[in-house]
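Open the model in your viewer and keep the selection panel at hand.

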Amino acid sequence: MATFDTSFLGDSLLGRLSFRSGTLPDKQALPAGRHNLGIASERDAVLIVPDGLQPGVPVSLLVMFHGAGGSADKVLPFLIDHASQHGFLLLLPQSQFPTWDLVVGGNGPDLERLEKALREVASRFYIDPSHLGFAGFSDGGSYALSVGVTNGDVVSHVIAFSAGFMSAFQQNGTPRIFIAHGLEDEQLPIETSARPHVAKLKAVGYDVTSLEFMGPHRIEPAVVGLAIDFFLKPTAQ
């Protein structure tokens, strides 16, 4: 990926988050279950808290971005059982408009809402910095890939399901990356999306796991299971 002098742009326009994980919470932890975080009056971010979390013990957090025209409830069924079984927090932001700001005009309100949501979660739970993942499907996959690479000094894992594009003005950190795409994807052909992304990322030194599966433009439960295994695999010491 090419690099440019972007010093004249503000960090938020570049997709940079000021949030940092690993800080001690200063509010009471939320009980197990589904919670609206209260960061927006409409299309609020949703947090799934599994049973059995221990106070003060670092917990993994996976952030899942829905596809265009979607919502938290569209992607939640593919992940909620994994969160419950493996005991990780699941955060589901929702775009302010039909798709993510980066897709239609650049970083803006959705990045601000993501920042607020992450801070609210971190105020109640001690997030494990080595297992903070950004994942997404379709436009949400493009968002996860773009914002994840831009904030790879914060995000440890990036998971892109059938992502269309990658837009990163900066590369920060070295997140591990998982890219899955259907060979029969009629909306975002693999030849012009996943394969070029994998090649570019590997060329600049990222640890990339690439999975091509037989299927169209949709979330495959079996692929999600492999992505969760990728996310939860212990990091090398």
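Begin with the second largest cavity, whose lining has five nonpolar, one polar and four charged residues. Here Ala, Val, Leu, Ile, Met, Phe, Trp, Tyr, Cys and Pro count as nonpolar, Asp, Glu, Lys and Arg as charged, and the others, Gly among them, as polar. This is a predicted model, in which local features need pLDDT of at least 70 and side-chain atom pairs pLDDT 80 or more, while totals for chains, interfaces and linings use all residues. Residues are numbered from 1 along each chain as its sequence is written, and side-chain values use heavy atoms, without hydrogens and water.

Select I39, R43, D44, A45, P93, Q94, W100, D110, R113 and L114 to show the lining of the second largest cavity. Its volume is about 40 Å³.

Next, select L14, G15, L102, N107, S146, V147, T150, S167, A168 and F169, which line the largest cavity. That cavity holds about 50 Å³ of space. Its lining has five nonpolar, five polar and no charged residues. Helix α5 (residues 139-150) gives the largest share, three residues.

Finally, select helix α7, residues 221-232. Its twelve residues should span 16 Å at 1.5 Å a residue, and the end C-alpha atoms are 17 Å apart, which agrees. The expected span is 1.5 Å times one less than the number of residues.

Technical notes. Helices (H or I, at least four residues) and strands (E, at least two) are DSSP runs, numbered from the N terminus. On a 1 Å grid over the protein atoms alone, a cavity is a set of points where a 1.4 Å probe fits but cannot get out, and a pocket is an open set with protein on both sides within 12 Å along at least five of seven lines; lining residues have an atom within 4 Å of a point. Grid points are joined across faces, edges and corners, and a volume is the space filled by probe spheres set on the points.
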